[in-house]
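Good morning, and thank you for joining. Please look at the display first.

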There are 2 protein chains.
Amino acid sequence: MNRAQKAAESIKKAKTIIIFHHVAPDGDGLGSSLALREMISQLDSVNKLDAVITGKIPDTYKFLPGIEYLKKSNDNSLHQSYDLAIALDCACKDRLGDAEELFNNARSTLNIDHHISDDGFADIDWIEPKASATGEILFKLIEPLGIKLTQNIAIGLYTAILTDTGGFKFENTKPETFKICAELLDAGADPVNIYNRCYESKPLAMVQLHARAIDNAIYLENNEIVYTKITRKLLEEINASDDHIDGITETLRQIDSVKIALVFKETTRGTTKVSFRSNGINVCEIASFFGGGGHKLASGCLLEKNIEGTVNDVITT
Amino acid sequence: MNRAQKAAESIKKAKTIIIFHHVAPDGDGLGSSLALREMISQLDSVNKLDAVITGKIPDTYKFLPGIEYLKKSNDNSLHQSYDLAIALDCACKDRLGDAEELFNNARSTLNIDHHISDDGFADIDWIEPKASATGEILFKLIEPLGIKLTQNIAIGLYTAILTDTGGFKFENTKPETFKICAELLDAGADPVNIYNRCYESKPLAMVQLHARAIDNAIYLENNEIVYTKITRKLLEEINASDDHIDGITETLRQIDSVKIALVFKETTRGTTKVSFRSNGINVCEIASFFGGGGHKLASGCLLEKNIEGTVNDVITT
């Protein structure tokens with residue numbers, strides 16, 4: 001029996017099932033949860049089926065069909081204990097957040113995930129690190145569950161795959177990914193609408209902050225190095241928040257002459273966070289030198305210094 | 001005999017073949033040309049095979065395998081007349097530019113295209129308006145030609161499809177598109193590298209111009225309308241050229257509150273071009289009112305007025 005069959009058997013023999021995904025949910029967590037909920041709802045064997053979210057539903061994903069079924073972990077209608085608890089897209093139990101106790105209370109547990117770091121915390125662990133998304137793994141459940149691929153399932157799984165591959169541009173984009181997407185489109189997932197919902201609506205303050213930060217950027221060494229400063233004053237002026245900063249280093253890195261892009265961010269405590277991105281140079285070594293870390297092409301560090309002092313230290317090094 | 005077989009037969013019976021794509025070549029034109037060149041090069045029946053480019057090869061596409069084979073239409077090594085001339089991705093003969101005469105000189109002609117407006121100007125016209133790209137149509141030639149899908153062919157066709165679907169986000173993204181992409185990845189096309197080459201390298205002046213234009217933008221009607229002005233002075237200051245303006249209206253339209261985004265561009269003649277983008281409102285009607293046109297969600301017009309006068313006219317209307 002392969003892993004999909006094994007997982008399907010555990011689902012088919014449970015009368016009560018609860019589904020979880022990780023905290024700070026993204027397109028894969030939410031899309032997978034709602035798709036799996038809809039898959040299981042087709043089974044006559046199940047008489048209590050719940051899906052739990054910890055935290056707020058991000059506005060971006062409110063379009064997902066079935067989003068109204070998600071319950072908070074303290075919802076009164078939840079059972080104390082389920083026959084089966086399923087964790088999706090969670091590399092470890094901690095990532096269940098508030099819902100960890102509910103997961104632990106279940107009579108059996110199933111863990112479906114694509115993170116290579118997944119530590120296998122359930123009775124049945126189905127981990128496929130090569131899958132682009134947990135949504136890609138769930139697609140393989142349709143046949144052994146003996147259910148129909150509906151349009152709503154297709155929308156959930158397509159959203160999962162689209163967002164976790166960054167729009168088919170990350171290394172996890174494989175032939176299998178496209179084969180599955182072809183079937184999801186055949187089943188009614190609309191790639192234009194889903195793309196628009198996931199990517200085409202940005203807060204005004206974010207767009208303004210990016211423009212200002214890039215306009216203020218300073219170029220060094222024949223435009224091979226670029227940096228910009230995000231002060232608390234700038235954030236206040238534009239009415240932007242810290243999460244609006246995401247992506248500025250990426251935009252700077254995409255400039256054709258640039259080899260290293262840096263963003264200096266003043267924290268509320270007056271210290272300074274530095275993000276590094278590169279097109280080849282090992283910036284993790286630089287970040288490590290300042291007590292930080294990360295990946296070769298994307299890393300960061302935090303200095304207990306004000307922003308001007310930090311720029312001075314890092315740029316002259 | 002279906003259209004793919006008919007096209008393949010015309011290729012197999014020609015001893016000398018010349019391939020063309022449209023002027024101002026894009027990823028579909030170039031990727032398709034080079035992929036088809038490589039396909040035909042596998043046939044023993046062909047003893048002279050050329051591919052022609054009119055104009056300059058855009059830097060972005062210099063990574064395409066076989067790019068070194070492209071010849072200018074006045075290249076001395078070209079024949080005066082070929083058994084077969086193939087036009088790719090050209091909606092009408094005019095789009096062949098300088099190469100139109102060479103096309104006319106051929107003993108037979110084949111036109112492969114996905115533009116719905118293609119007027120069918122060749123002996124054999126193979127037009128598939130539902131195909132996402134000409135590259136998608138060419139994939140169907142592999143079997144009837146009896147050739148092997150090599151990595152170089154896969155890279156050309158994947159580039160064609162990726163760019164003409166805007167990274168799988170346009171309406172032309174169909175189940176068939178993904179099925180073909182799965183096979184192209186299986187044959188060695190690297191989605192990460194091709195994405196990076198097509199989209200991740202932007203001129204410094206372009207990034208700076210976008211930042212400045214967005215930073216200067218003016219918001220009206222509860223941020224539902226946004227506009228920005230691109231003067232010649234601004235372009236000179238940043239050392240940017242007119243083609244660096246592409247995409248600014250799109251970025252403004254992506255702001256969540258925005259319903260209509262406008263960009264006013266001062267031309268070298270002192271007149272003003274206006275681009276409109278919307279998230280639902282028919283901006284073609286507005287552009288038409290000012291003598292322009294386009295699509296419902298994307299249109300434009302040219303006013304014989306200076307930029308301030310044009311802003312005044314259009315915004316107060």
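How many residues of chain A are in contact with residues of chain B? There are 37 on the chain A side, and they meet 37 residues of chain B. Please bear in mind that this is a predicted model.

Let me turn to the area of this interface. Together, chain A and chain B bury about 3500 Å², and carbon and sulfur atoms account for 61% of it. Three residues stand out on one side: F178(A), E200(A) and Q254(A) supply 18% of the area that chain A buries against chain B, more than any other three residues.

Six salt bridges are counted between chain A and chain B. One of them joins K179(A) to D186(B), with 3.4 Å between the closest N and O atoms.

Which elements of chain A give two or more residues to the side that touches chain B? They are α7 (175-186), α8 (191-199), α9 (204-215) and α11 (248-253). By residue class, that side of chain A divides into 18 nonpolar, 12 charged and seven polar residues.

Finally, a word on one lysine. K233(A) lies in helix α10 of chain A, which spans residues 232-238. Is K233(A) buried or exposed? K233(A) counts as exposed because its relative accessibility is 62%, and the cut-off for that class is over 50%. Between K233(A) and A131(A), the C-alpha to C-alpha distance is 43 Å, with a separation of 102 residues in sequence.

Notes
Residues are numbered from 1 along each chain as its sequence is written. Chains are lettered from A and ligands numbered from 1 in the order in which they are written. This is a predicted model: local features need pLDDT of at least 70, side-chain atom pairs count only at pLDDT 80 or more; totals for chains, interfaces and linings use all residues. Side-chain values use heavy atoms; hydrogens and water are left out. Helices (H or I, at least four residues) and strands (E, at least two) are DSSP runs, numbered from the N terminus. Buried means under 20% relative accessible area, exposed over 50%, partly exposed in between (1.4 Å probe, protein chains only). Contact means heavy atoms within 4.5 Å. Buried area is the accessible area (1.4 Å probe) that two parts lose on being put together, summed over both. A salt bridge is a side-chain nitrogen of Lys or Arg within 4 Å of a carboxyl oxygen of Asp or Glu. Ala, Val, Leu, Ile, Met, Phe, Trp, Tyr, Cys and Pro count as nonpolar, Asp, Glu, Lys and Arg as charged, and the others, Gly among them, as polar.
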